[in-house]
Structure formats: structure tokens, C-alpha cells
Amino acid sequence: MDNLLQTLVGGLTIGCFYALVALGYTMVYGIIRLINFAHGDLVMVAAFAGWLMLDGTAIGNLPAVPALIVAGAVAIAVTVVIQLVLLRVLYRPLIAYPLGFMIVALSVAFALQQTVRLIFGASNRSYPGYGISNDSMEILGIAVNGMDLVVIGLSGVLMLGMLWFTQRTTTGVAMRALAVDHDAARLMGINVRFLIAIAFAVGAAFAAVTGVLSGVYYQRIGFDMGFLLGLKAFTAAVVGGIGNVGGAMVGGLLIGVLEVFVQSYLSGSWSDASIFGVLILVLYLRPRGLLGERVAEST
Amino acid sequence: MAALGDTTRALDAASLRLRIVLGSFAGAIGCMLLVALAVVGVGDSYWITVAISVTTYAAMALGLNVVLGYAGLLDMGYAAFFAIGAYASAILTVNLEWNFFLSIPIAVVVTGLAGIVIGYPTLRLRPDYLAIVTIGFGEVTRTAFNNWDYVGASRGLYPLGVPEIGGLRFDTPEAQLLLAAVLLGLVVALVNRLGVSHIGRGWRAVRDDDFAAEVVGMPTLRLKLGAYIVGGAIGAIAGAIFAARSVAIDPTNFTLFVSVQVLMVVVLGGLGSVRGVLLAAAIFVVLPEILREIQDYRVLVFSLLVIAMVRVRPAGLIAERPTPDRAALPLGALPEPAPAPAATGPAPARRDDARAGEPLLEVRAGEPLLEVRGVTQRFGGLTALQDVTLDVRRGEVLGLIGPNGAGKTTLVNAICGVRRPTAGTVRLDGVDVTGRRPHRIAALGIARTFQSIRLFDQLSVIDNVVAGEYQAGHLGLADAFLRPRRERRHQGEAVGRALALLERLDVRDAALRRPSELSYADRRRVEIARALAGNPKLLILDEPAAGMNPTEKSELVELLERIVAGGTSVLLIEHDMPLVSRVSDRLAVLDQGRLIASGSPETVLADPVVVEAYLGPGAAAGGAR
């Protein structure tokens, strides 16, 4: 029983990573109905940006909390800038040409990976763990690892913030309106270009947080850590209901728990396949996802 | 290398003549074989191995070109087909000790079936989900092979046997290259032939605008599935090429990365372009061999090339031929359109079977052709149509008018099967067509144009019109590549009929141009020609006169009269009152989703309820009828 709960906590932690990345996917998809295949690789870029700060500068000598905050902030800045440049130079002109957009995003993903590989090499880099995972806390009778606590806590705060943003702020409401009807939203004076940029930027920031957090969590990073993570996160967004912020969270947690349970109780080699299996199953049985999708109808 | 280029050029010319003499299959196979012989002639076993690698990539890319290039479906797990083909072939030769050549047809069938299994459920989904689902299928397939002990799990299958036929053993690199060349030639011929067939046109129409394709009468789901089956079958041949020259296969040969590379080859070469894809496959494999320094940057270089290509030259290295027909059917050689029987356009012969035994049209004129009964359409809380009942009689023009937002187009969508009405029935010729799929309804004889013109911009004008009679051909996938003569004859006739239609609509000169190059009025004419191509019983025109000048409008009136004289009834939605009251036998008026009046133009236009709906501020009074 303890074992089961422990596995569950591990699953929720990984699920938080998926959920944070899925939020980025779902916001962008909700507005422009396109899959940004390069989104997962932003996680990787952010992880390397954070690693550069922690490993290559004096920031690494600071205590854990300030060091991670600075490294995280730098990673967010770098990732958001890259994302916005990509949006402006490559993505925006292709929004009306879905096939081209997705092919370009896919190529961007590989270009990012290869660039990082050329700079930092193909082997993994080790991340400082700050020994956070050595401490554990007794919660409801099970020992929860400190790092799990940090990931779940921080992700929880970010996700609640995201819910608040989409439900309570003008920008968030405008974004939801945009997902329903572009033309009407534009006529109501909503700046579509600006909102698309916001969605891309917020998504990139969440990806950056995921990158640094997962670096500290696994204590290693590699140039190929992002793409599959991104695919699984997109799967999570679809399973939860694409375009739906709550759905991305639920989907992410579900996918994370599923992955860890398959790994622990069935076989590690089937875990990715089982996630895609669930995706295919959900799409057949409930194509709008568990919580329902929120995207513009198109005819 | 220069010598190779010269040879290729010389061979291109030779193959052109050869193709005329021997037909596309022999020609394509011969062409590939000659290229292969040239490489063998150079005699360097290193380049022979490279050439085999080129053929493998080329075959895979041509298969994906059918799915992605022709039909526009973003398949990101194409390696799954390649894997299933290679494993099917390997299982038969290694585990069951079959002859390699016997294993190929089985592999093709198995992979074609896999195409159905993957395609049938996924193709109903949103097209943009296809990318992620196909990635999923690719990974699931690879994982399955990776865990399946019968095929050696992660160790893979080995040793693969040497292909052997009638004492001929393909055990040297030279022999394997020749074998690969023959198989690639087969693939090239297949893809070329499909490309110029009616199915190729159908795929391009689906790629361009699958909603319009469906409404025009194309079974879009079946066409997409066909692309999957053919793409899968070609993946199997590519898999066989791979298995023939390899000592072993294992799951690492079929990763997502392979799918992505093949995708890059197709995009670089040009979606739908066979020559472009062949060229891109050669570049993709050979370039890193020549420039050793870029080996390490290979993926980066090609990623950047793809990005640049999509942004700068989306058509790819060699753009797809603009009109398949121009090559297959030289228009100059076509006879001038025969004076169409009584100027009624497409000879009704093709629908004879459907109409046989029916009384002459004149006898039945005045009887209802289309019966709309109590049709209601709700979108959430909004009632767009409320209990609409109307008839279109044989041989009449029924004008459907009403203020903007009255529900006219919604009614057309309900009739054409675009949206199943919430309640009510639609009958055509006594047959209940309510909620049938649009292409079925089109086949039963309802054609339409769209309020905002929807032509296939990537097809020529003539192909657009021919697309309108897709169903009438009764041709299948088998005709496309096994009965070229029948296919070509049918296409020749179809082009002839289409030209006659364009002639009637005064746009014959534009036959080979793209719709986007035409004026608004001409595009409208092409759209009407496309709708007439299927020889419909009922033609629905959604605001055809919008944007036309007075001359064009009076030509439209004449045209409508000729269409009706030819036996087609017309449902005309139009805002131009003088025009609509001049051509319509009867008028029906919709206001706020309700039918508020119908009858002869004089009585309807004099009806105070109608006048109020159009002019009065309190249009709601219209519900009183």
C-alpha cells in the first residue's frame, strides 16, 4: 500500500511536468489550432540555459533557493525570447498554412536539438540536485521526497495562477474568446496578434520552469530530453481536452501517473507505447477529451 | 559525378521515348535500372551501397508522398509501414523460409491492411490530430516489435536470406542494387500513374479543400483511406528493398527519427512531385557522403533546409506538375467539343442506368423533385431553421430569398448533408436523403455552388470541372493502376465534356489556368460548370450573381434557362430581386428561419408580410403565416 502511494506521488510529480508543458500546447492550440512540435524542445533549451547559470557562473555558489530562482529567471528569459523570435520570423506567416506550420515547427525542434548537441555534446550533463531529494516529509503516513514536494507545490501554484489568469483577467478572458471565434473577437477590439504572442510566451515560460525543475529532479539533462516529453505533453492536452486549461492539468497528471505505474508494475519498455495507446483510445471513444475541448469551430 | 549527371540526362530523354513505347511501368523500371547500371558501371562498391541507400529512401519517400504529398495528410509515423513491411517480409523468409519474392506481395497486403487499421479510425478525426496519432502508432508498432520474442524482440531478425529467383542469387551489391532499382521503378510507375489518375485528382482536391471535395461528390474518407493503403503498400516495398540488402533488421531501424527524415525528403522534394522526391532522396543520402564535414551537422543542415524551403519555396525543389491532365491528355489534340446534344451539356448517357424506365421529363414536369418537410435546425440555443417545408418541382427554378441571416445557406447545408437537420426530412425523387453524407447526396443528383466560391486552387480549371463528375466515372483504385486504357479513355471523355461545359459558360480559354488567376465572375462560372459536371437533377446556386456586372447577370439568366431546358431543376438563392423574379417560376421567402411566403413571384413580392420582412423595422411579424 505504501509502495503504491509512493508510486502515485512519483507519477504526480512527472505528471506535473507534463501538465506544465501541456498548458503551453493547449493555449497555443486553442487559439490557432496548430501543433507546435518545437514546444517540448524549449524545455530542453531552458534546462541548458539554467545549467549554464548554475555550472558556469558564480550563481552556482549561492545557496539552493536563490541560485535556482536566478537560474530559473534566466532560463525563462532566454526561452521566451527564442519563442517570440521564432513566432515572429517563422511561425506567424505560416499560421494560415497548417501543414507548413507543423513541418516547420518539427524542423525547428530538430534544429534546436542539433544546435544544443553541437555546442554541449551528445552526452548528458549533470545538474546540481542540492540534496533536496534527500530530505523527506511524512504526509498521511507516507514519506514524500523533498523534490517531489517542490515540484508538485510549485507546479500547483503555477497551475492555479494559470486558472486565475484565464478566468479572472481581461487578457485571459480575451484569450478564451479568441479560442471561440477569431472574427468576433477581432471585431470586439481584441488584439489577436498580441494574444497569440502572449500564449506563445506564457507557454515558453512554463516550459522553462519545467526544464529547470526537471534538471534538478533528474540531476541530468541531454539534448534529446525535450522532444518526447513534448509529444507526451501534447498527448496529455488532447486527453484532457485540447484548449481546456483544466483539461491540460488533469491530462498531464493522468499521463504521468499512467507512465509511472506502467513502468513500475508492467514493463519500462511499454510505458511510451501505453501513453500513445491511451491517446488513441481516448480519441476514438471521446474525441473531445475528458473535460471537453475549447477550440474554435472551423468549417 | 559529372559523368553520372550526363548519363542521367541522356537517360531521361531515352526514358521519355521508352515510356511512350512500353508504357509507364516498363519505362519507369527501365529508367531506374539504367541508372543503377550506370552506378554499377562505375564499379565502386562504396557508391553502389550508397545507391542502394538512395533507393530505399526514395521508395519510402514516394510512399509518404502519396499520403502527404497527394492527399495532404501529415503522417509522422510512416516508419511504421516501413517496419511492418520489412518485418512481414523477414518473418516469411527467416521464420517460415519462404522465397523472398513470394514474401513481397504478402508484405504489401499486410501493410495495406495495416493502413486500413491505422487509417480508418484516425481519418475521421481532425486532420491536425493525425500527426500526433500517427507518431503514436509509429511508436506503438516499434515497441511491439521490440517486445515480440517471435521476431527476436530487440535483437531483431537475422540472418535474412539472400533473395533468389530461378537460380539467380542477389548476393552481390551490384545484383542487390539492380533488384532495388527494379522495385523502385515499380514504385515510381505506380505513384506516377496514380498521380495522373482520377484518384490523384481526388487526392489533390481533398488536400486543397476536403469539405468542398466532399460536397462536390468525392468520397473523401475513402480517398484518404486509399492514400493510406497505397502509402502502406509502398512502405512494404521499401521495407522489402531494405530487407533484401540487409543482414538483419531490428527495431532501431524504424524509429520516429526515420519517419521525420522521410518527411523531410518529401517536403524538400516537393509535395506531390515524384521527380522532386527522387531528387531530394538522392541529395539527402549522397550529400553527406560527399561532404564528410557535414556528416555531424546532417540533421541540422536538413532541418534548416526544410525551414527555408517551406518559407521560400513551399512547392519544393521541383514543383508538382500543375495539371496532371496536360501531360496525360494533350489538350491540343482534343477534338473541338461536339455540339452538345441540344446544348444541354454533358450527355445524359452516363445517368441512363439511373433514369432508365422513368417517364420523359416533360411528362413529370411539375411534380416535386425535392421535398423538404418540417426541417428544423438548432445550434445550441439558436434556432436557425424552424419547421421549413418546401418543394422544388421538376423543371422549375425556385427562387429562395430572404434577408441576410434568414437561414438560406443553413437550409442548403441541411439539404446537401453538410449538417444533419435537428428534425424533419429531405427527399429527392422520393428517396429520403436526410443526413446522408454529402458525397452520397451529390451522387444522387444534388449539386451546389458556395456563397463564397470554393474552387480547388491547386488544380487547373479543367481539373476542377472534371472533379465534379468524380462519382460518374465508377472507377476504382484498381482502374487507376491496372486498367490505364479504361482510365485514360474515361479521362479523355471527361475532359471533353468538361471543355464543352466550359465552352457553354464562356470560360473555355481558361481551361489550363488556375482558378486564382481568374476574375470573380469567371470563377463563379467555373464553379457552376463543376456543379453541372455531375449532371445533377437539382442545382443549388447560392448567390451566384453577387459580384457580377449587368452583362454577366443577363448571361447568367440565359444560362439558367438553358440549364432548366436541359432537365435540371434549380434552387436559386439570390438577393438581386429583378434577376430572381425574372428567372424563377416560384419564389419562397425565408425570414428568421421560417418560411413566410411562397408562390408565384408577383404574389409573393406583393405579400405585405414579405415586404415587411425586407423593409419594415419589425421583421418579427413575419412569423404570423
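Trainee: Which residues of helix 5 of chain A meet helix 8 of chain A, and which residues do they meet there?

Mentor: A contact is counted when the C-beta atoms of two residues, placed from the backbone, lie within 7 Å. In helix 5 of chain A, Met147(A), Val151(A), Leu154(A) and Leu158(A) meet Phe206(A), Val209(A), Leu213(A) and Tyr217(A) of helix 8 of chain A. An α-helix has 3.6 residues a turn, so residues three or four places apart point the same way. By class, the residues of this contact are eight nonpolar, no polar and no charged, where Ala, Val, Leu, Ile, Met, Phe, Trp, Tyr, Cys and Pro count as nonpolar, Asp, Glu, Lys and Arg as charged, and the others, Gly among them, as polar. This is a predicted model, in which local features need pLDDT of at least 70 and side-chain atom pairs count only at pLDDT 80 or more, while totals for chains, interfaces and linings use all residues. Residues are numbered from 1 along each chain as its sequence is written, and chains are lettered from A and ligands numbered from 1 in the order in which they are written.

Trainee: At what angle do helix 5 and helix 8 of chain A pack?

Mentor: Axes are lines fitted to C-alpha atoms, for helices over the stretch in contact, and angles run from 0 to 180 degrees between N-to-C directions. Helix 5 (residues 146-168) and helix 8 (residues 192-218) of chain A pack at about 175 degrees, with their axes 10 Å apart. Helix 5 of chain A is therefore roughly antiparallel to helix 8 of chain A, a label given to angles over 145 degrees.

Trainee: How many residues of chain A are in contact with chain B?

Mentor: 34 residues of chain A are in contact with 28 residues of chain B. Helix 4 of chain A gives the most to the side of chain A that touches chain B, with 14 residues, helices being DSSP runs of H or I with at least four residues, numbered from the N terminus. That side of chain A has 24 nonpolar, eight polar and two charged residues.

Trainee: Where does helix 2 of chain B bend?

Mentor: A bend is the angle between axes fitted to the seven residues ending at a residue and the seven starting there. Helix 2 of chain B bends by about 35 degrees at Leu64(B), and just after this helix Gly72(B) takes a positive phi of about 70 degrees.

Trainee: How many residues of helix 2 of chain B are buried?

Mentor: A residue is buried if 20 or more other C-beta atoms, placed from the backbone, lie within 10 Å of its own. In helix 2 of chain B, 21 of the 26 residues are buried, so this helix is largely enclosed by the rest of the structure.

Key. Helices (H or I, at least four residues) and strands (E, at least two) are DSSP runs, numbered from the N terminus. A residue is buried if 20 or more other C-beta atoms lie within 10 Å of its own, exposed if 12 or fewer, and partly exposed in between; C-beta atoms are placed from the backbone. Angles under 35 degrees count as roughly parallel, over 145 as roughly antiparallel, 65 to 115 as roughly perpendicular and the rest as oblique.
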